[in-house]
Amino acid sequence: MSTKTLAKPRGTRDMLPDEMEARREIEMRLRNCARTFGYREIATPAFEETELFTIRSGEGIIAEMYAFEDKGGRSLSLRPELTAPVLRMYVNEGKSLVKPVKWCYFGDCFRYERPQKGRYRQFWQFGAELIDADSAFADAEIIMLANELLKTAGVTFILKIGHLACMRTLLSETPATLQIAVRHALDKRESDKAALLLAENGYKHLVQPLLALTQATTLSEIFSIIGNIPQKERIEEMCQILDTAGVAYELSPAIARGLDYYTGVVFEAFAEGLGAENQIMGGGAYRLAHLFGGEDTPSVGFAIGFDRVMVALSEKQIVAPKPQVSIIYFPETRSAAVRTAATLREQGICVDLDLTGRSFSAQMKNAGKIANTAIIIGEKEYSVGTVTVKNLNTGEQVQWSLSALSEHIVEFMSA
Ligand code: HAM
């Protein structure tokens with residue numbers, strides 16, 4: 001027999017009840033909020049054919065995924081994100097869907113990353129996709145939803161919005177490979193490196209406009225650098241809708257986004273106090289459906305890094321522990337305890353019963369650790385239809401009939 005203590009895999013976490021209850025609370029707030037915007041929840045498999053993820057990003061992405069061959073020789077991968085699976089599902093579901101499609105999802109993702117605070121190998125995303133609506137209003141609505149979800153979760157954040165056309169226009173004379181390298185540097189917030197790449201490759205004249213663009217914060221500044229691009233009106237209209245809706249945001253034309261399927265507006269949110277891994281949400285407009293056998297369909301969406309939101313909230317008390325009852329019984333009253341527990345549980349009350357034959361005093365001691373109310377079922381009392389109810393915080397004690405117990409216990413517990 002092995003004496004080694006087995007540990008959880010690197011980059012994964014165990015979650016104790018307090019943490020799970022807090023997560024469920026925030027999860028429900030997010031679901032309810034998305035529902036008020038008309039986004040209905042869907043689910044996709046935890047693993048997909050590897051091709052679903054490589055088709056757009058290339059084989060290089062395999063290094064960042066949990067990719068494997070199953071016993072039937074299929075090449076599969078645990079999903080590193082949910083946008084590609086959701087678009088695959090959209091294509092598979094076919095023409096019967098009412099357009100535009102408004103879906104939200106909550107699921108775990110797997111990435112083979114170097115773990116650190118806020119960066120895990122298994123993590124959860126809450127996201128939304130708006131499929132087949134191509135307008136400034138569609139872009140604005142998805143940003144409004146992301147903003148409202150983060151507010152509902154209770155996190156303090158800064159929302160940044162950009163458009164890929166800004167950098168693309170500025171870099172249009174440079175080769176595609178250099179554009180990708182510059183965008184990757186910008187994605188890592190390394191504008192000096194991006195500038196150096198341009199200078200080294202013979203585009204010194206673009207360095208100053210690039211740096212000016214990374215610092216531009218108003219529409220007029222941005223368009224004075226890149227000129228009147230075709231997307232100008234749409235960007236202005238989107239901003240006007242966001243202003244009408246009272247969304248607080250910063251313009252950030254340097255946002256490049258790590259995933260390479262984006263085509264238009266892009267946006268990210270950053271939370272305070274998370275260190276390097278402070279990006280709690282990312283999204284944008286993209287086109288994927290045609291790669292999966294569907295029609296070329298404009299889509300826009302985002303995903304919130306749920307675990308990072310929970311780290312950002314960790315100082316706050318999210319849910320108060322649920323009050324619990326311990327039923328203290330004697331060997332002669334065990335059946336009465338079982339029946340009483342069933343009646344109280346039907347009322348939605350949390351009830352604990354000793355399962356290990358502890359003595360009366362050991363049961364009382366344990367009750368003090370896990371419950372705020374004890375119901376003591378003594379043989380004589382029970383034979384005349386009464387039980388003793390004790391507030392374990394104040395010591396207050398009452399004797400009730402079984403019908404009074406059902407009627408008043410909730411009030412007694414919360415007093
Ligand atoms: P993403 O920026 O790769 O976008 O991920 C979205 C969010 O997931 C990030 O902002 C971050 O909060 C969180 N996240 C990413 N990696 C990790 C990790 N290793 N550990 C913890 N949290 C992490 C997407 O995944 C796109 N599918 C978003 C989207 C939806 N675009 C359009 N629709």
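**A first look around the chain**

Trainee: Where is the place of Asp-132?
Mentor: Elements are DSSP runs numbered from the N terminus, with helices (H or I) of at least four residues and strands (E) of at least two. This is a predicted model with residues numbered from 1 along each chain as its sequence is written, and side-chain values use heavy atoms, leaving out hydrogens and water. Local features need pLDDT of at least 70 and side-chain atom pairs count only at pLDDT 80 or more, while totals for chains, interfaces and linings use all residues. As for Asp-132, look in the loop between strand S6 (122-131) and helix H4 (136-153).

Trainee: Is Asp-132 buried, partly exposed or exposed?
Mentor: Buried means under 20% relative accessible area, exposed means over 50%, and partly exposed is in between (1.4 Å probe, protein chains only). Asp-132 has 34% relative accessibility, so it counts as partly exposed.

Trainee: What is phi of Asp-132 near?
Mentor: As background, most residues other than glycine have a negative phi. Asp-132 is a residue other than glycine, yet its phi is positive, near 75 degrees.

Trainee: And Arg-189, what is its phi about, and is it buried or exposed?
Mentor: Arg-189 sits in the loop between helix H6 (176-187) and helix H7 (191-200). It is not a glycine, but its phi is positive, about 60 degrees. At 52% relative accessibility, Arg-189 counts as exposed.

Trainee: Why do the buried residues of H9 line one face of the helix?
Mentor: Helix H9 covers residues 219-226, and its buried residues are Ile-222, Phe-223 and Ile-226. Seen down the axis of H9, with directions taken from the helix axis to the C-beta atoms, these buried residues line one face because they fall within an arc of 90 degrees.

Trainee: Which residues are exposed on the other side of H9, and what do its buried residues pack against?
Mentor: On that other side, Ser-220 and Ser-224 are exposed. Contact here means heavy atoms within 4.5 Å. The buried residues of H9 pack against helix H5 (164-170), helix H8 (207-215), helix H10 (232-244) and strand S8 (250-251).

Trainee: Is Glu-48 buried or exposed?
Mentor: Glu-48 belongs to strand S2 (residues 47-49). Beyond its neighbours within four places in sequence, Glu-48 touches several residues, including Phe-53, Pro-85 and Arg-88. Its relative accessibility is 7%, so Glu-48 counts as buried.

Trainee: Which residues is Ile-55 in contact with, leaving aside its neighbours within four places in sequence?
Mentor: Ile-55 is part of helix H2 (residues 51-57). At 37% relative accessibility, it counts as partly exposed. Setting those neighbours aside, Ile-55 is in contact with Leu-291 and Phe-292.

Trainee: What is the radius of gyration of the protein chain?
Mentor: The chain has 15 helices and 16 strands. The radius, taken over C-alpha atoms, is well over the 22 Å that the globule rule (2.2 Å times the number of residues to the power 0.38) gives for 415 residues, so the chain is more spread out than a compact globule. Its C-alpha trace spans about 95 × 55 × 45 Å along the principal axes. The radius of gyration itself is 28 Å.
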